[in-house]
Number of protein chains: 2
Amino acid sequence: MRFEYRVKKWRTYIPIVEVLGDYRRGYLQRDLVAGLIVGLITVPQAMAYAFLAGLPAQTGLYACLVPMLIYTIFGSSRHLVVGPVAVAALMVAATIGQATERFGYPPTEIALILSLQVGLILWLLRLSQMGGLVNLLSHPVIGGFINAAAILIIFSQIPGLTGMPSKSGNPLDQAAWYLTHLTAVHWLPIVMGIASLAVIWFCQKHLVRQLRRMGVRLGFGHPISRIGPIAVLALSALAVWAGDLHVRFGLETVGYVPQGLPTLTVPKFDLRLWGSLLGSSAILAVVVYVESYSIASGFATREQSRINSHQELIALGASNIGAAFFGAYPVAGSFSRSSVNYDAGARTPISSVVSSLVVVLVLLLLTPLFAYLPAPALAAIVVLSVVNLLDFRGIGRHWRIYREDAITSVITMLTVLIAGVETGLLTGVGLSIAFFVRSSSRPEVTVLGRMGTSEHFRSVRRYDVRTVPHAACVRVDENIYFANANQIENKLLKAVHRRPGTSHLLLVCSAVNRIDVSGLEMLFRLNRALDRLGVKLSLAEVKASVMEQLDATNLKTVLTGKVYFTTDQGMRELEADAPDRPQQEGLPLI
Amino acid sequence: MRFEYRVKKWRTYIPIVEVLGDYRRGYLQRDLVAGLIVGLITVPQAMAYAFLAGLPAQTGLYACLVPMLIYTIFGSSRHLVVGPVAVAALMVAATIGQATERFGYPPTEIALILSLQVGLILWLLRLSQMGGLVNLLSHPVIGGFINAAAILIIFSQIPGLTGMPSKSGNPLDQAAWYLTHLTAVHWLPIVMGIASLAVIWFCQKHLVRQLRRMGVRLGFGHPISRIGPIAVLALSALAVWAGDLHVRFGLETVGYVPQGLPTLTVPKFDLRLWGSLLGSSAILAVVVYVESYSIASGFATREQSRINSHQELIALGASNIGAAFFGAYPVAGSFSRSSVNYDAGARTPISSVVSSLVVVLVLLLLTPLFAYLPAPALAAIVVLSVVNLLDFRGIGRHWRIYREDAITSVITMLTVLIAGVETGLLTGVGLSIAFFVRSSSRPEVTVLGRMGTSEHFRSVRRYDVRTVPHAACVRVDENIYFANANQIENKLLKAVHRRPGTSHLLLVCSAVNRIDVSGLEMLFRLNRALDRLGVKLSLAEVKASVMEQLDATNLKTVLTGKVYFTTDQGMRELEADAPDRPQQEGLPLI
């Protein structure tokens with residue numbers, strides 16, 4: 001028994017064991033096909049994102065080997081494809097740019113340190129049970145961030161697409177600069193870039209339809225629509241080779257890529273450099289985790305399975321540590337490749353193993369051809385893969401549901417664009433917390449009445465309910481805490497002032513989940529203030545946890561009224577306790 | 001009619017008009033007595049706090065003239081005495097110390113600018129309707145801050161009490177320094193300081209009892225117990241004069257104070273200085289407002305009257321602007337003097353006018369005597385007035401009610417002591433918001449059952465309730481928003497997984513006051529995920545405001561179950577919808 005328990009416990013940390021144990025024959029063919037397709041898509045993306053990150057092409061390909069395989073072992077998702085992704089590449093590029101300038105290390109070294117730090121931070125989040133912290137990145141913040149990242153990435157590809165020199169700065173400055181320097185556009189890159197964009201776009205949007213028209217039996221969304229990038233690479237490399245374009249016109253190409261597999265790399269330790277990278281790594285780790293987890297959950301929901309958030313932290317951490325030791329750069333779950341993997345029918349992570357083999361073959365056999373791969377084709381691949389990430393309609397939708405979320409999203413986007421990823425994300429998180437605190441500090445206090453003769457009480461504003469003049473029944477629609485205690489007190493006192501003749505106030509606490517010291521002191525104060533006005537304060541529907549808090553004080557002893565179990569019980573008793581005549585001040589009650 | 005309306009509106013901004021309109025003859029005597037007593041207490045306090053702030057004695061006295069009178073005109077409290085206070089003086093001292101060093105302006109100039117900025121910030125808070133922001137300073141934060149301020153003030157008086165040179169730094173460093181330099185203690189200041197402390201302490205604690213034993217008819221808490229400071233000043237000045245102590249032993253005294261009333265002073269404008277003071281002014285303004293408002297509310301509650309928080313912002317703003325133009329420094333409501341004012345029977349702010357007249361007389365007639373007032377006596381007055389502010393028992397009380405509040409209070413106190421007032425207050429506010437977000441991001445999800453045959457549903461854990469196997473009834477005890485949407489989803493899915501055979505999930509939303517986009521997306525996801533598990537999702541007791549948010553989406557159309565008005569209605573219908581036999585997967589239901 002004890003042994004079995006241990007086996008079970010051990011297996012939960014290595015999900016691949018269970019996958020292989022349950023592996024059925026029919027899975028293999030599907031995993032093979034999906035793996036091959038994803039592998040073919042991976043190669044151009046990996047190189048393009050490596051360029052985006054400011055790193056040599058091979059680092060992108062290396063990121064599809066060890067990190068991807070580690071995830072297949074430890075990951076709890078059956079469809080997530082981990083490897084180089086555009087958004088992380090953008091963040092790596094920004095960090096590398098600053099760090100090489102200040103510390104003089106080569107970009108590849110810094111990428112290794114970043115990967116290691118990201119991996120360790122993810123593990124630390126798991127160990128300290130703080131994974132929940134990433135929930136602070138709300139959907140609007142992530143949405144705004146992704147929009148901004150997509151815009152930044154598109155701008156970063158303009159030099160590749162046009163042959164113009166690259167220009168740093170925020171997108172507005174860049175746009176102005178590019179527009180005023182249109183003469184710097186070279187004809188060859190721009191022709192090739194536009195052609196590449198057209199081919200990929202055609203494959204994505206029209207290829208399947210065309211093939212169906214031609215009688216080929218294909219479902220819509222067939223993985224063949226993703227063939228564009230690899231076709232573009234093949235065609236453009238052929239053109240460069242045939243026309244000797246890189247020699248005759250100086251067209252930028254990938255150039256020399258070392259043949260063979262990555263060797264062991266050990267990230268350098270330099271305390272000052274590590275310290276200065278830590279902030280970026282923390283943000284990067286959070287983005288890696290949030291993005292990967294939300295993609296994985298999406299597929300899990302479709303498959304009626306579930307993602308283990310703790311296991312994901314372990315798996316993504318291990319993948320990134322693997323990236324650090326095998327010459328890659330920070331990796332995350334890729335939305336586009338995971339979608340292709342899922343659509344192509346992958347059943348298990350074995351498909352990712354197949355994709356890795358494709359990359360291995362490319363590294364062993366095809367690297368000499370990379371000397372002919374032109375930069376505009378890679379830039380086109382990046383641009384079209386991030387255009388799909390842009391989502392501005394979501395902002396309008398958010399506006400109708402919860403205005404603050406739309407504002408948060410737009411401000412996060414603008415801050416990321418103008419002040420950078422870290423400032424932008426922190427601003428977004430700060431803003432969403434501020435909005436949350438603000439709205440909970442403007443509490444609703446609802447006067448209730450009885451629905452007919454039922455036991456139910458509802459708002460007097462929205463329903464036709466019965467009330468009695470001497471007993472007010474009021475519900476507080478918020479946790480009572482420091483940011484709203486004063487307002488709740490004021491609103492309750494106003495409610496009583498507006499109803500002369502009130503002798504009982506019943507506070508319905510069904511929506512109060514917590515109360516803090518400021519809130520409790522307010523209740524004491526309210527009790528005293530109402531007592532002076534000749535009004536007795538009672539409570540109803542106090543939750544057990546709140547009751548424990550009240551019991552830690554002597555509120556129940558000093559309370560002028562009682563604590564009732566239900567609103568109905570309370571109001572029944574208070575309704576019966578009507579004063580014999582209207583209260584008159586100053587006159588003796590003979 | 002229109003005219004009357006205007007008059008009414010105009011009068012609400014100048015509460016003194018109403019006070020004078022309702023003034024009764026009997027009030028005058030009480031206001032006169034209270035005003036005289038407060039005036040006598042004010043004089044030594046005003047000078048002592050001016051020294052604490054690093055300013056000449058007369059600025060403290062000037063702060064009891066124009067600022068105090070302005071508050072009597074605009075303030076909505078009948079008992080609050082506005083003027084120099086210890087905590088504000090401490091903050092002013094810290095700011096002045098930094099600013100004189102950097103900008104070379106004399107302390108008095110900087111005090112004027114601080115006063116003007118504090119006044120303008122208070123007015124700005126009123127204009128922008130942002131007065132509610134100060135609620136972010138929760139009781140535990142204020143408590144921790146006051147404790148720390150009291151400790152800092154006591155340490156700042158050690159040089160005055162002992163004749164040792166003053167030492168800056170945090171209290172630990174100071175304590176270490178003073179203890180290792182005990183030889184620097186002078187006999188005369190320390191004898192005089194201890195004697196002063198003893199006299200004030202005796203008056204505070206034992207004078208009334210002794211007088212009663214001697215047959216004098218006095219109530220406990222009679223204002224005569226506050227006579228200590230003025231007695232100490234008189235006696236010690238007499239001793240200095242008689243023994244020529246300031247000449248023979250170099251005893252520090254107040255020295256020269258210009259005779260007569262303050263003249264118009266115009267704060268200097270220097271953009272860099274103003275900019276660098278702005279942060280301190282903002283914090284100071286918040287402290288001034290929070291302290292004054294809470295003192296005023298305390299008395300208002302006892303008197304069954306109410307404080308208008310908007311009017312307080314106007315009045316305190318005007319007082320501080322008055323301070324800026326009449327040679328004073330930032331003022332606030334004084335707890336000790338307001339208490340004496342109230343206990344001495346003051347009925348209206350006219351008592352403060354009387355107190356001001358006392359100060360005027362002192363300024364016109366008694367300033368030559370100040371050359372004999374010794375520093376140890378003033379230090380003793382400061383120490384005993386802030387010792388009463390220390391409250392460590394509150395921390396233990398908070399611990400039992402709401403642990404996070406106790407932690408916030410202690411950390412605020414320590415941060416103020418070590419890193420200064422501004423860092424400390426910001427840390428405290430940040431911490432209380434963080435704790436609030438953290439606790440709301442760990443939502444309770446309570447499984448409910450029917451109480452007997454009633455219409456009421458309660459937790460299955462705490463009560464003996466009836467449940468049905470196929471319909472789960474679950475209450476979410478928190479607003480559904482970005483920080484907890486994932487956890488709520490997980491907990492609900494787990495709850496369903498734990499109950500095989502569930503075909504209905506009724507979500508009771510009585511404690512959900514708000515929902516944001518992340519929360520709504522979670523509901524869509526949950527609906528889909530449950531659908532795949534063969535579980536229908538229904539909602540009950542959705543508040544009207546939340547319903548409006550749901551209506552902005554198509555949730556109601558895609559929801560697999562229904563939206564019920566009450567839990568009882570919902571469960572009645574779902575209980576009846578029991579499956580004929582236990583669901584079996586894979587077998588046809590013939």
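Of the residues of chain B, A511(B) comes closest to the rotation axis, with its C-alpha at 2.0 Å. Chain B can be laid on chain A by a turn of 180° and a shift of 0.0 Å along that axis, with an RMSD of 0.1 Å. The two copies are thus related as by a two-fold rotation axis. The superposition is by least squares on C-alpha atoms of residues with pLDDT of at least 70 in both copies.

This is a predicted model, in which local features need pLDDT of at least 70, side-chain atom pairs count only at pLDDT 80 or more, and totals for chains, interfaces and linings use all residues. Residues are numbered from 1 along each chain as its sequence is written, while chains are lettered from A and ligands numbered from 1 in the order in which they are written.

Now the interface. Chain B gives 52 residues to the contact and chain A gives 50 (contact: C-beta atoms, placed from the backbone, within 7 Å). On the chain B side, α8 (139–156), α19 (393–401), α21 (421–440), α22 (485–497), α23 (517–532) and α24 (544–551) each give two or more residues. Helices here are DSSP runs of H or I, at least four residues, numbered from the N terminus. α23(B) gives the most, with eight residues. The chain B side divides into 17 nonpolar, 21 polar and 14 charged residues. The copies meet through the same surface, because 96% of the interface residues of chain B are also interface residues in chain A.

Leaving aside neighbours within four places in sequence, L52(A) is in contact with A86(A), A89(A), L90(A), A93(A), I153(A), S156(A) and V382(A).

Methods
Contact = placed C-beta atoms within 7 Å. Nonpolar A, V, L, I, M, F, W, Y, C, P; charged D, E, K, R; others polar.
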